[in-house]
Amino acid sequence: MRSRGTPGAVTPLPLAAPSLRREHVDPRRWTDWRWQLQNMLRSAEDFAPFAVLSRQEKAGLAASPGLFRVGATPYYADLIDPVNPACPIRMQSIPSVRELDFTIDELGDPLGEDSHRPVPSVVHKYPDRALFLVVDRCAIYCRHCNRRRLVGGDDPPTASDIDQGIDYIARTRRIRDVLLSGGDPLLLSNGKLADILARLRAIDHVEIIRIGTRLPVVCPMRIDAELCRVLQSHHPLYINTHFNHPKEITDEARRACTMLVDHGIPMGNQTVLLRGVNSSVRCLRALMRELLKMRVKPYYLFQGDTVLGTDHLRTPVDAAIALMDGLRGWMSGMAIPHLVIDAPGGGGKIPIGPDYVVARDDNHVTVRTYRGQLVRYPEPRQRDCSVPYDAVYFADQADDDDREGSAEIEL
Ligand code: SF4
């Protein structure tokens, strides 16, 4: 059977509607993920039917060509509050003129990825994990993206880049975990995705594969039975998605996540803490609860990276820590993400958060409860924590440090 919206489809579709708003589009087009991508909104003219643009947004859109990529699917844009510029969907998809106001600390490559690329398609910063950049396009160009220097579809990875990436991963035995990223890997065709997954699965030392994708958020119609079958046949496979606000959790997004989880794919969520978008306790609590309800585990809450043109979206560290104080203890531990700073320059993720240990002596630690009470916790009398049975259980295995490179010192 031919897919919907492809040339020569069995039932002819009506002529294009006068605007790209959901109410004007034939549902068969609307639910076709390729149609959503072909009709991404990129200019003030495109966004005009979805929002009464503010002066700052108009200036941001006018200045964007040649500076930072702009784009959002009609599906995502249709969630915009047309009259309120503080709408979280709007702030993530429509640029503000404030993006032109760079600070001295902002960088094109804030996480030092380009200096950790042994081959063009692989970023290898941590001992046992590697990022595999398999595509350079997205279904939204997020205003806070830390890879905005790379994404946009101008310089897609070639077949040779993919081959070199597979080859690097195959000859680097300490890589246990490969994270497909980009761009958005689920924008690849099912055939291309299946080919990459099968080649990774054929590498003995690759234990798990993860996919980072924003499509459940911005183009949930991409998640269908055929895609799920491709993913399901390459387990163990995990998906990390990127919801930033409860407004993004629509019926369609829920359906997409439920379908993935029902195919045995564990899902995690990485939220970027964005000032004025989701930087309130109320908003974060609602987001984390809604994620858990659709079986997506809150994983990371990122301090904004120091990427060019995003200073206005970053939250002060003290405010971020105070927000975590409003989550931990007040809701299920399952709902609590790790708050991290991804170190500028490439040092990796560093957990930060409220300090719950307030004092120590030789025999006690004084800790603070989430309600602020102080409690003395007695230390045990015995302090030796070595595990004698390790020598038996791991007798035939190489030392972890050899395999994972833990003993390496980064110069
Ligand atoms: S989807 Fe991810 S990679 Fe693409 S623009 Fe957004 S944050 Fe960047």
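Analyst: Gladly! This is a predicted model, where local features need pLDDT of at least 70, side-chain atom pairs count only at pLDDT 80 or more, and totals for chains, interfaces and linings use all residues. Residues are numbered from 1 along each chain as its sequence is written.

User: Where is glycine 276 found?

Analyst: Helices (H or I, at least four residues) and strands (E, at least two) are DSSP runs, numbered from the N terminus. Glycine 276 lies in the loop that links strand S6 (267-272) with helix H12 (281-293).

User: Is glycine 276 buried or exposed?

Analyst: Count the other C-beta atoms, placed from the backbone, within 10 Å of the residue's own: 20 or more is buried, 12 or fewer exposed, and in between partly exposed. Glycine 276 is exposed because its count is 12.

User: Which residues does glycine 276 touch?

Analyst: Two residues are in contact if their C-beta atoms, placed from the backbone, lie within 7 Å. Leaving out residues up to four places away in sequence, glycine 276 touches Ala86 and Met91.

User: And what surrounds the ligand?

Analyst: A residue counts as near if its C-beta atom, placed from the backbone, lies within 6 Å of the molecule. Among those around the ligand are Cys138, Tyr141, Asp184 and Arg214.

User: What about the whole protein chain?

Analyst: The protein chain has 15 helices and 12 strands, and 34% of its 411 residues are buried. Its C-alpha trace spans about 80 × 50 × 40 Å along the principal axes.
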